[in-house]
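Here is a briefing on the structure shown below.

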Amino acid sequence: MKSNFLTLFFCFSTFLIFAQNKHTISGFVQEAESGENLIGVSVYDKASKKGTTTNQYGFYSLTLEKGVYTLIYSFIGLESVSNNINLRKNIKANISLNSISITSKEVEIVADRIKNVESTIVSQIKLDVQKVKQLPAIMGEVDILKTIQLLPGVQSAGEGNAGFYVRGGGPDQNLILLDEATVYNASHLFGFFSVFNADAIKDINLIKGGMPAQYGGRLASVLDIRMKDGNNQKFGAEGGIGIISSRATIEGPIVKNKSSFIISGRRTYIDILSKPFLKDDMKGNGYYFYDLTAKANYKFSDKDRLYLSGYFGKDVFNFSSPNSSFGIEIPWGNTTTSLRWNHLFNDKLFLNTSFIYSDYLFELGIEQSQFEFKLSTQITDWNTKVDFTYLPNIRHNIKFGMQYTYHTFMPASVSGQSGEVSFNPETIFKQYANEGSLYFSDDYELSDRIKINMGGRYTVFQHNGHVAVKDMISNEFTQNKEDQYRNFEPRFSARYSINPTTSLKSSYTQNYQYIHLASLGGMSMPMDLWLPSSAIIKPTKGVQYTTGIFKNFKDNSIETSVELYYKDMENLIEYKEGSFPEDNANGSQDELLAFGKGQSYGAEVFVKKSVGKTTGWIGYTYSHTYRTFPDVNSGEPYPAKYDRRHDFSVVATHSLNDKWTFSSIFVYATGSSITIPNERYLIDRNFYTEFTTKNGYRMDAYHRLDISATYTPKPHKKYKSSWNFSIYNVYNRLNPYFIYLDIEDNTPDGSGSWENGGLSPKASQVSLFPIIPSITWNFKF
Amino acid sequence: MKKLSTISLVFIFFACEKEIQLDIANAGKKIVVQAMIQEGYPPIVQLAWSDSYFANFDSNNVMFIKGAEVLIFNHDRTDSIDLTEIEISNPSLPPGILPGFYSHPELDLDPTLLYPFTNFFNEGKKYHLRIAFEGDTLTATTSIPNATPLDSIWFVPDDRYPEYGDFYAYYNDPDTMGNNVMFEHKRLAHFSLTEEKDIPDFMFIKAFGAVRNDFEGLNGMGFETFFERGEGTKFDHETLHFKHPGFGNFQMAYINDSVGEVTADIILFRFSQLDKASFEFWRSVIAQDLMNSNPFAEPINLKSNINGGLGIFEGKAAVYYKLIAKEDTTFTQRYYPYIIEIL
């Protein structure tokens, strides 16, 4: 007994001695000029190059052996800081980084450029907001979603379509977060603009594969966007005036160094500008959108900070004809609010707790004479998240937490009136669901060469009519088991360093998605319906395998990667052939849906140059995406509507001097696959159509060149400004938006008929955006 | 939806449009069959070719198939009828019959024969179709379910438009799953007030909601319904819930002093039980009608049961009623129409 105790005491003492040999340096990194906390700052030991990065709130923690170190704090676009420390005890070090003063921008930002080689997250791309702002923008509107669609593996849904596709996944399979709040429809004007005002954005992070365990609920990707906090040093304003829209941002301290705010707004005036150009029968048209992003934060102490952010945006399309009594109004929009509390327990344990509200509503109203019709669809979430980050030592970065969401769905509510006859549902059909998850992950440096990220996510989902929280808790998820789902989602990724500039990475990800977007036809419209999993609609399951080689050249100034992926999906949903959501309006949509599988595989090549006067990237994706549904296409496999064999983009920015910067974008993509008529025949004296196999026809390829020039004059005493000149679609390529068919009457008196002849079918292609020049004046106080 | 799809682009004044040629492969000709059998009546088979979607519309281009060999076998193929191509110029036949029309040989001889025309077709039995033409052989199978009469049909005048009204029916669905029903009608007599002349229908009209089955929560239930007039001969959804004068309604009997007494609409109403394949075919026809060239709609092909071709071979367990659009009138008696009334 005595000897066992002594052994234990000796081991414990030895442990204490070793533990006492390590100390932690931690703190927050912010931008000096604005006081903004910086995300993803590299903090590393100059000698060993080992270190960490700041989290989404600018916090870092690095535990090292006792000793003397030179720590480098490095962030793209800012001047690095070198800090000599003698680590004999735990140290708190809050660091400020200044803007870069030299014009050539040849700065030591090695740490940022080796992230693509060093990180365990396989398919992650971070975008620099400042670089995004320099790219050509249609009508001068910088667009984050349009920019990520220039990356390999991310495909545009096409002009006029909202959403984007990642590695063969549908638009609903992308988790789009704005300060942790889910944004369900991130587009204005049918995909023309995104809802994100770049002036209010601090960080853009896209994960296409190897999704870390703290993210879930979507199969394909995560687009995590963080808003700026607001300048807590001084007041400022910036904005831009363009030809169809304008934007303005104001920010400043509420209490200097402690609290700040930022408010960003945008509105288009297409409705006003277009009026003189519209023909008589088109008078009464109007479209506009606006969005407002607002945030405030308060730093109670070094340990506690509170953030409150919100987004409010709306699109409204109006049409009313003075020549008839016909009118149509289509408003749609998102509202998100998030309240977050950061708490630092100690040097190693960081907590963020969030309370989030998110809402998306689409409405369609038609009226003519005494006839009125209204269709509405909506999804609302109340969400809470608790996320811990634990950094016990330099080898481990542990994350764990829980999330809970209460969903309310109104899939399709229809009402109408004709004269005295009215049609109003007695009750609005709504569905409710509870979604919860627990997760854990560890980013673990196994050795100098091998780093792994292991984790898992346990998810539960319950769809059971209206469920009060207390009922859910007391029932312990036992009521109506057909509507309940529980799944485990393993996540694993690994990186093997061949040498300091080359690594191999692989990942395995399994996800479940419990809410789904049912889209009509070939379009991704704002009126698409969000539906919960139920006894009929099973959760969609996705398994993705990814592997890639990552290599940097020329002192890490050129980053390259080649990635291969394979994705398997089950329980995908589509509308059955010939169905319309209004078939089951005011009721469940479940019976209108067909279920099936999907496979997607491809190769992505990415070359990026981020240093020097000329920067940019080249991305190429070769991919196949197929679907197999027993109730669609007679059960035969068919290409998904976003199956793009080739997708290629070149983005280049050149800084000529202090005054002029030039940018260009070239994109090429295989045409979208659609279903078109093949034959026609008579039934009951009427002609009916035999279509090709589903998505059996390819539209013409999509390609386009955009250029822009930014002129930055000498700064005025009180403000800075720049002029941006852009040309979208320089060679006026008429890219296909959709194809429609019509019957043309060739007779002089309009008497054509199938019996007498004189009719001929024709196909027409509609294109949205020809060559469009634009000028924007940007200002900053 | 069509207006929305058009208008949604209107405000984008940059939108451009151009005519294009679609490179369609395999737009070859297929044989299209529209064939119907029912107890006591001659079979009706219409044969034509399909055509490339982009061929010009011309009746000469809708090539009707002449000289095909058409046989219908009974369930165990122990008996058959060899159909004859009917000469449509026969003055005894009603107008509107298209070429490529095949039927019982005796119909060619005397289309004025009465019901029961033949005992070959019986409810509850299966039948097989075989068509041979220019080296191609098409086959199909259908069955004639058991007929279920309606409980009653009655006429209800429209409150807002006193010259018009609708027919309502009460139906008791059998307590077995898989009952598929179809409502059709044709006006045997209709005096148009606007054109002041007799304009009967030459074909059965299938209006919106004409095809239903008991999977939609109706099994074993009795329910009241009404059938729409429809426009022309197509399934028509635009009258859903909203009525317009002379459209979606039947013209009721009344006396107009300026033209004299006006005959009410006289309607031949057919209420049929269908087998599953026939139901799915007509449902897909409705779906295509509702698509209405909308580029945002989900395309759907007609669900054919013809092996080697397109179209439908359907067995109808039909019950007919002869109705008069007259206020305070209820019909319960089954009617057995003349052959020429159902062609």
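Phe155(B) is buried, because its relative accessibility is 4% and the limit for that label is under 20%. This is a predicted model.

**Aromatic pairs in chain B**

- Phe167(B) also counts as buried, at 0% relative accessibility.
- The ring centres of Phe155(B) and Phe167(B) lie 5.0 Å apart, and the planes meet at 65°, so this pair is edge-to-face; the label applies to angles over 60 degrees.
- Phe155(B) belongs to strand β10 (residues 152-157) of chain B and Phe167(B) to strand β11 (residues 164-172) of chain B, so the pair ties together parts 12 residues apart in sequence.
- Over all chains, the count of aromatic pairs comes to 40.
- Another of these pairs joins Trp49(B) and Phe133(B): the centres are 5.9 Å apart and the planes stand at 55°, so the pair is tilted.
- Trp49(B) is buried, with a relative accessible area of 17%.
- Phe133(B) is buried too, with a relative accessible area of 12%.

**Aromatic rings in chain A**

- A cluster linked by ring pairs holds Phe28(A), Tyr57(A), Phe59(A), Tyr307(A) and Phe350(A).
- Tyr307(A) also has a charge over its ring: the charged end of Arg340(A) sits there, 5.2 Å from the ring centre.
- The ring of Phe687(A) has the charged end of Arg680(A) over it, 5.3 Å from its centre.

**The 11-strand sheet of chain B**

- This open sheet has 11 strands, in the order β9-β8-β5-β6-β7-β3-β2-β21-β20-β12-β15 (chain B), and its pairing is mixed.
- Strands β9 (136-144) and β15 (211-213) of chain B are at the edges; each has a single partner strand, so one side of each is left without a neighbour in the sheet.
- On average, neighbouring strands of this sheet are turned by 25° against each other, direction ignored.
- Strand β20 (residues 266-274) of chain B pairs with strand β21 (residues 310-324) of chain B in the antiparallel sense, over nine bridges.
- Within that pairing, Leu274(B) has Lys316(B) in β21(B) as its bridge partner.
- Helix α3 (residues 276-291) of chain B packs on the sheet and touches β2 (31-38), β9, β12 (180-189), β15, β20 and β21 of chain B.
- The direction of helix α3 of chain B makes about 85° with that of β21(B).

**A four-strand sheet in chain A**

- Four strands form an open sheet in the order β3-β2-β5-β6 (chain A), with antiparallel pairing.
- Its edge strands are β3 (51-53) and β6 (81-87) of chain A, and each pairs on one side only.
- From one strand to the next, the twist averages 20°.
- Strand β2 (residues 42-45) of chain A and strand β5 (residues 67-74) of chain A pair in the antiparallel sense over four bridges.
- Val43(A) is found opposite Tyr73(A) in β5(A).

**Nonpolar cores**

- The largest nonpolar core has 75 residues, and those touching the most other members are Ile148(A), Leu151(A), Phe196(A), Ile201(A) and Leu223(A).
- Strand β24 (residues 349-368) of chain A gives the largest share of this core, four residues.
- Leaving out residues up to four places away in sequence, Leu151(A) touches Ile125(A), Leu127(A), Leu206(A), Phe606(A) and Trp617(A).
- A second, separate core of 26 residues includes Ile72(B), Phe121(B), Phe133(B) and Ala140(B).

**Chain A overall, and Thr776(A)**

- Chain A contains seven helices and 49 strands.
- Of its 781 residues, 60% count as buried.
- Among contacts in chain A between residues at least 6 apart in sequence, 65% join residues at least 24 apart.
- Thr776(A) lies in strand β49 (residues 772-780) of chain A.
- Thr776(A) is buried, with a relative accessible area of 3%.
- Beyond its neighbours within four places in sequence, Thr776(A) is in contact with residues including Met139(A), Gly240(A), Arg247(A) and Trp723(A).

How values were computed: Residues numbered from 1 in each chain as written. Chains lettered and ligands numbered in written order. Predicted model: local features only at pLDDT ≥ 70, side-chain atom pairs only at ≥ 80, totals over all residues. Heavy atoms only, no water. Phe/Tyr/Trp six-rings, centres within 6.5 Å; stacked < 30°, edge-to-face > 60°. Buried < 20%, exposed > 50% of the residue type's maximum accessible area, 1.4 Å probe, protein only. Helix = DSSP H or I, 4+ residues; strand = E, 2+ residues; numbered from the N terminus. Lys NZ or Arg CZ within 6 Å of the ring centre and 35° of its normal. Pairing = 2+ DSSP bridges. Axes fitted to C-alpha atoms, helices over the stretch in contact; angles between N-to-C directions. Core = buried A, V, L, I, M, F, W, Y, C linked by side-chain atoms within 4.5 Å. Contact = heavy atoms within 4.5 Å.
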